[in-house]
Structure formats: structure tokens, C-alpha cells
Amino acid sequence: MITEDKSKVKSGKIYEYLTLDAVYGLIPIKLRLHMQRVVSYCEIMTQYIERDIRFLKSIDREFYQHTHEVFRYHDLGYAFVPWELYGTDEEIREHVDLAKEAFERVIYHDFSDFVYKKAMECAIYHHENYDGSGYPKGLKGESIPFAARICAVADSYDHLVIKYPYGRNEGNSEIIKKIAEESGKQFQPELVEVLINCAGKFRKQDWHNGLCRQEVLQK
């Protein structure tokens, strides 16, 4: 179900949902566009990572085959965030706290339990910081699931794209600078390198797909 009428959205704490996509449809369209972009960035990064020997032990083959499913639902917790919290400081923490519930309310998924677990980990832990200063659990370094570490840098990149649109001359260099400043703090240093190497492909992907430049054009 996809709806923009808030009055028709029922509480996920009472109802169960047939599939992850049924929950996904409860999320506002602007956030779903953000989620789509982040999936694209993560898939590009994962293709690069697959050829990088530094990450040989980090990802299972099944992960590479199902990156879309692993990253598609990273903000699924937003489906159950109370409407009054949208646009507040509590919004981000709340969607992470509700991520596990969002997955557990689903009756059926059409991929393996391994992929389901990786997708849920990504949703729960993509706001953990590499230096241990993030949430919900303050995990540090490699104790953060690898998919969540990838998603963290891609997710932040997309938020910066909206803040510093490509149409401005300084946009992309400013984005890269801000991501690089968080290397070893918010993000794993090796994944910052991967993102920087993939940023050119991100730009081509965004403009080619037309996903999302709505937010930029509205500025």
C-alpha cells in the first residue's frame, strides 16, 4: 500500500504486514526517493568493493548477489515513526529504534534468511559510527555489520547531495570534503576511499535515472 493520507495509516504496533514492501509503502514518498538513491550508491560501492582485496573477508558471496535487497529497506523503521516526530531531532533516532520492529511485523519475505538478516542489520545499525560514538548501541569499528558501514557513508552522502546540489560549482567537492573529514570517526576509512572513487558514477546515476532531483530543484 502506498498512501499520502496520514489518516489512513494504521499503527504498525497493532497490525502485521504481509511483505517488507507493504511496510515500505507506508513511508512518505520523499523518504522513499532517498532510500532509492542510497540503494544505487551502495550497489555501485559494492561492485567496487568486490574487486578490492582489502574486503575479501568482509562479504559473503550471497551478499554480493542480493545487494539491492540488503540496502533497499535501510530506513524501514520510518514506517512506524509517529507523524508528529517528522522534522524533529527525535526522528532519526526513532526510525533506528523502530527498525527491528518493522522487520519483525512482516509475515513473508521472498529471499533467504541470510539476506533478511543482513537487511535488518543494515536498518538497525547504519547510524553507528566507526569510532563508537553512534547509536543505537555505540558499536565500534568492525563490530558494526559491514552492510551498515557501507550504508552509513552512502546515506550521509545523499543527505549532503541535497544540501550541496550538483548544480552548484562547489557542490561535489564540498560533499567529498565533508565525507573525508569523517574518515576514522563516523566512517570506516577504507569505505571513504571507496565512496570517493565511486562519486563520479553516483552523479551519472542520479542524473540518468532522474531519481530525486526534485528536492534539489525545489531549493
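What is the handedness of the crossing of α2 and α8? The views below take up this crossing and a pocket. This is a predicted model, where local features need pLDDT of at least 70, side-chain atom pairs count only at pLDDT 80 or more, and totals for chains, interfaces and linings use all residues. Residues are numbered from 1 along each chain as its sequence is written, and side-chain values use heavy atoms, with hydrogens and water left out.

**View A. Helices α2 and α8 cross in a right-handed way.** Right-handed means that the near helix is turned clockwise from the far one by less than a right angle. Helix α2 spans residues 29–49 and helix α8 residues 146–163, and they pack at about 125° with axes 9 Å apart. Helices here are DSSP runs (H or I, at least four residues) numbered from the N terminus; axes are lines fitted to C-alpha atoms over the stretch in contact, with angles from 0 to 180 degrees between N-to-C directions.

**View B. Residues of α2 and α8 meet in a contact (heavy atoms within 4.5 Å).** Among them are H34, R37 and Y41 of α2, and F146, D155 and H159 of α8.

**View C. The largest pocket is lined by 30 residues.** A pocket is an open set of points on a 1 Å grid over the protein atoms alone, where a 1.4 Å probe fits, with protein on both sides within 12 Å along at least five of seven lines; lining residues have an atom within 4 Å of a point. L31, Y78, E91, I92 and H159 lie nearest the pocket's centre. The largest share of the lining, seven residues, comes from α8.

Terms used: Helix = DSSP H or I, 4+ residues; strand = E, 2+ residues; numbered from the N terminus.
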